[in-house]
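Thanks, everyone. Let me put the structure up, then I'll walk you through it.

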Amino acid sequence: MLDIRFPTALQMVLCVAHAEREGKRSTSKILAMGLNANPSFVRKMMVPLTRDGIIVSTLGRSGTIRLGRPAQEITLCDIYLSVLEDKPLMAGRPEVPPRCLVSANACWYFKELAREAEQASLDVLAKRTVADALKDIHDRDRRYPEGSCELQTAEEKADL
């Protein structure tokens, strides 16, 4: 089963950052609509992000969700580690009886390979911040493919 916690949490945090930038409010209901998910699922996903200071939520009728620190100080690695916690990127097979060269050594070999791959992934994520990701998204906004910019109003172009 694929684990979609990281891309889901990333989308949530980016939505919160975007709303802050636009001066708009974020709620679990608004985030759930963007994710096509249930608000209770969003609230469950918010638990580790709140625990780790990535987002802050205020309760009540005028409650809102906002970033816990500036977008340029939150790395994608922070989000990944928050929601995945100690779950490895790749799971190895259980130990098997050492009947040959391969069966006697495959487990330790795969564990080292997986550790190296995970560290490389974390290094990539650590180099990118929420602010970087939001800028990339704005720069490559697919709502307006090349050639269709004439559909945008002057106000929309100014917002990009």
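This is a predicted model: local features need pLDDT of at least 70, side-chain atom pairs count only at pLDDT 80 or more; totals for chains, interfaces and linings use all residues.

Numbering starts from 1 along each chain as its sequence is written, and side-chain values use heavy atoms, with hydrogens and water left out.

The largest nonpolar core has 32 residues, and Phe6, Met12, Val13, Leu49, Leu76, Ile79 and Val130 touch the most other members. By core I mean buried Ala, Val, Leu, Ile, Met, Phe, Trp, Tyr and Cys residues joined through side-chain atoms within 4.5 Å. Buried is under 20% relative accessible area, with a 1.4 Å probe and protein chains only. At least two core residues come from each of helix H1 (5–22), helix H2 (28–35), helix H3 (39–51), strand S2 (65–67), helix H4 (76–84), H5 and helix H6 (130–139). H1 gives the most, 8 residues. Helices and strands here are DSSP runs, H or I of at least four residues and E of at least two, numbered from the N terminus.

Take leucine 76. Setting aside neighbours within four places in sequence, its contacts (heavy atoms within 4.5 Å) are Phe6, Leu10, Leu125, Arg128, Thr129, Val130 and Ala133.

Now the whole chain. It has 7 helices and 2 strands. From the N terminus, the order is α-α-α-β-β-α-α-α-α. Of its 160 residues, 32% are buried. Among contacts between residues at least 6 apart in sequence, 63% join residues at least 24 apart.

One last stop: tyrosine 109 sits in helix H5 (residues 101–126).

Note on methods. Buried means under 20% relative accessible area, exposed over 50%, partly exposed in between (1.4 Å probe, protein chains only).
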